[in-house]
Amino acid sequence: MNKSEKYYQALMTHRHVSRRGLFRAFVSAAKHTAPEGVSVPQLAHSLPPGAVPDAQFIVQCTRCNQCIDACPMRILTRHEDGYPQLAIDYASCDGCGACIAACPSDALCVQARFDTGLRPTFSAACVNPVRSCNQCVEACPELACTLGATGIPVLDSERCTGCGECRVQCHVDAVSLK
């Protein structure tokens, strides 16, 4: 299939933050800020998709912010030390590759298979005694989440790409990405 400019324009018009993600941004914004005196998570845990190994990334990345500016989902942010970091809280990463294409220093490289390296973990807050919501299971584009016998989702780590859609769709904040 020949992907013309018209195709990409149509694709870009469908990029959005979900209503649930936007609502959660307003409701829980305060708890996503680090209190003073608490260290921010290590840069290595939240590198952008396609990042070269940690030590090499630190050397190659020029902190130019071109990858941050290129991200249509606005999920790449500037870490306090100036390096880009992946912040999947209100929108998921669909692996569009815009950040990789914008990187002039080759600190981000095209991947054979898209993977952010993040994996969801599901807390017990997920279980509703009346009925399970299945939002994460239904939203997973890779079908990597299934409902376990206890009602808590089970992850197939091989299928998971770390896109974060399960986290975005969870209305009880029971999904965290590590």
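Is Arg113 buried, exposed or partly exposed? Arg113 is partly exposed, with a relative accessible area of 41%; here buried means under 20% relative accessible area, exposed over 50%, and partly exposed in between, using a 1.4 Å probe and protein chains only. Keep in mind that this is a predicted model, where local features need pLDDT of at least 70, side-chain atom pairs count only at pLDDT 80 or more, and totals for chains, interfaces and linings use all residues. Residues are numbered from 1 along each chain as its sequence is written, and side-chain values use heavy atoms, leaving out hydrogens and water.

**The overall layout**

- The protein has seven helices and six strands; these are DSSP runs numbered from the N terminus, with helices (H or I) of at least four residues and strands (E) of at least two.
- Of the 178 residues in the protein, 38% are buried.
- Among contacts (heavy atoms within 4.5 Å) with a separation of 6 or more, 67% are between residues 24 or more positions apart.
- The accessible surface, worked out by the Shrake-Rupley method with a 1.4 Å probe, comes to about 10700 Å², and carbon and sulfur atoms hold 56% of that.

**Salt bridges**

- You can look for four salt bridges in the structure, each a side-chain nitrogen of Lys or Arg within 4 Å of a carboxyl oxygen of Asp or Glu.
- One of them pairs Asp89 with Arg167, with the closest N and O atoms 2.9 Å apart.
- Asp89 sits in the loop between strand S2 (84–86) and helix H5 (98–102), while Arg167 belongs to helix H7 (residues 165–169), so this pair ties together parts that are 78 residues apart in sequence.
- Arg167 counts as buried, at 7% relative accessibility.
- Asp115 takes part in a salt bridge with Arg113, where the closest N and O atoms are 3.9 Å apart.
- Asp115 also meets Arg119 in a salt bridge, at 2.7 Å from N to O.
- Arg119 is buried, with a relative accessible area of 17%.

**A look at Cys140**

- Cys140 is found in the loop between helix H6 (135–139) and strand S4 (145–147).
- With a relative accessible area of 12%, Cys140 is buried.
- Cys140 and Cys160 are 20 residues apart in sequence, and their C-alpha atoms are 8.6 Å apart in space.
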